[in-house]
Amino acid sequence: MLDNALRLQYLQALGIDVWIPKADSVQPPCAMASGLVQALQPPTPAIPVALAAETEATGWDALETAVAGCTRCGLCNTRKHTVFGTGNRQADWLFIGEGPGQHEDEQGKPFVGNAGQLLTEMIRAIGLSRDAVFITNVVKCRPPGNRDPHSDEIASCHPYLQQQINLIQPKIIVALGRIAAQKLLKTDAPLAQLRGKPHYFSGVPLVVVYHPAYLLRTPIDKRKAWQDLQFAVQLHNSQPT
Ligand code: URA
């Protein structure tokens with residue numbers, strides 16, 4: 001874990017001029033505290049039975065091989081590389097974006113472009129490193145021209161994500177941006193309504209945070225993103241060890 005001075009440096013790099021808590025513990029904004037209480041309630045049921053069966057009994061190697069050769073949707077025709085995900089396979093924290101962009105498609109790794117750099121800083125700001133968390137996307141192949149992934153593409157790819165969650169067993173999921181959040185939570189609600197409160201996906205607490213690419217375009221919202229990350233830390237710390 002980073003000390004507060006170092007975290008402050010990362011926050012400054014993020015362009016966030018914020019109040020830093022005195023103690024090591026990060027306090028949630030008051031408006032979010034009631035959400036935290038809800039988070040302690042038992043999670044809503046998660047994995048549809050058919051999907052659980054489809055993704056059962058697959059280890060990391062088999063899963064990675066399956067993704068690398070996947071032809072379940074049309075994105076396989078235009079991809080250069082599949083982007084499986086990187087990081088700690090036993091991470092407490094799972095970050096899920098919407099889909100690979102051009103750089104990710106070229107390198108086969110998630111979040112390696114400018115948005116990836118900002119994501120790295122966001123992760124450091126909460127005292128972690130990219131190696132300590134796992135990062136992936138709702139689709140493992142680049143949608144051409146960086147369009148939003150279609151629902152059928154996300155559905156085709158979902159068993160892979162589900163199996164990653166089953167294997168990692170994260171304590172918290174961070175949905176990066178509107179598309180990932182809406183698709184995971186099966187809602188059309190705008191991001192403003194989804195952020196700042198606990199959700200569940202597959203029985204795991206989930207928080208919604210602005211996508212780093214959005215934050216690059218709209219730096220004024222970095223402060224809200226920092227609040228959301230603090231909320232995520234609180235939610236994570238409230239989980240049983
Ligand atoms: N944006 C995403 O949502 N995912 C990536 O991997 C890169 C950019």
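Helix 7 (residues 151-168) gives the largest share of the lining of the largest cavity, four residues; helices here are DSSP runs (H or I, at least four residues), numbered from the N terminus. This is a predicted model, where local features need pLDDT of at least 70 and side-chain atom pairs count only at pLDDT 80 or more, while totals for chains, interfaces and linings use all residues. Residues are numbered from 1 along each chain as its sequence is written, and side-chain values use heavy atoms, with hydrogens and water left out.

A search of the whole structure turns up one cavity of 30 Å³ or more. On a 1 Å grid over the protein atoms alone, a cavity is a set of points where a 1.4 Å probe fits but cannot get out, and lining residues have an atom within 4 Å of a point. The volume of the largest cavity is about 100 Å³. It has 14 lining residues, and Cys70, Cys73, Lys140, Cys141 and Cys157 are the closest to its centre. Volumes are the space filled by probe spheres set on the grid points, which are joined across faces, edges and corners.

By class, the cavity lining has nine nonpolar residues, one polar and four charged. Here Ala, Val, Leu, Ile, Met, Phe, Trp, Tyr, Cys and Pro count as nonpolar, Asp, Glu, Lys and Arg as charged, and the others, Gly among them, as polar.

## The largest pocket

Now to the open side of things. A pocket is an open set of points with protein on both sides within 12 Å along at least five of seven lines. The largest pocket has a volume of about 610 Å³, and 26 residues line it, with Glu98, His211, Ala213, Tyr214 and Arg217 nearest its centre.

Helix 10 supplies the largest share of this lining, four residues. At least two residues each come from helix 5 (102-107), helix 6 (114-125), helix 8 (177-185) and helix 10 (212-217). The pocket lining divides into 11 nonpolar, 10 polar and five charged residues.

## The ligand in its place

The ligand sits in the largest pocket, in the sense that more than half of its atoms lie within 2 Å of the pocket's grid points. Around the ligand are Gly97, Glu98, Gly99, Pro100, Glu104, Pro110, Phe111, Asn137 and His211, each with a heavy atom within 4 Å of it. Three residues of this shell are nonpolar, four polar and two charged.

Polar contacts are pairs of N or O atoms within 3.5 Å. A polar side-chain atom of Asn137 is 2.8 Å from a nitrogen atom of the ligand. A polar backbone atom of Glu98 lies 2.9 Å from a ligand oxygen atom, and a backbone N or O atom of Phe111 is 3.0 Å from an oxygen atom of the ligand. On its own the ligand has 240 Å² of accessible area, and the protein covers 92% of that, by the Shrake-Rupley method with a 1.4 Å probe.

Technical notes:
Polar contact = N/O pair within 3.5 Å; in protein donor to acceptor, adjacent residues only side chain to side chain.
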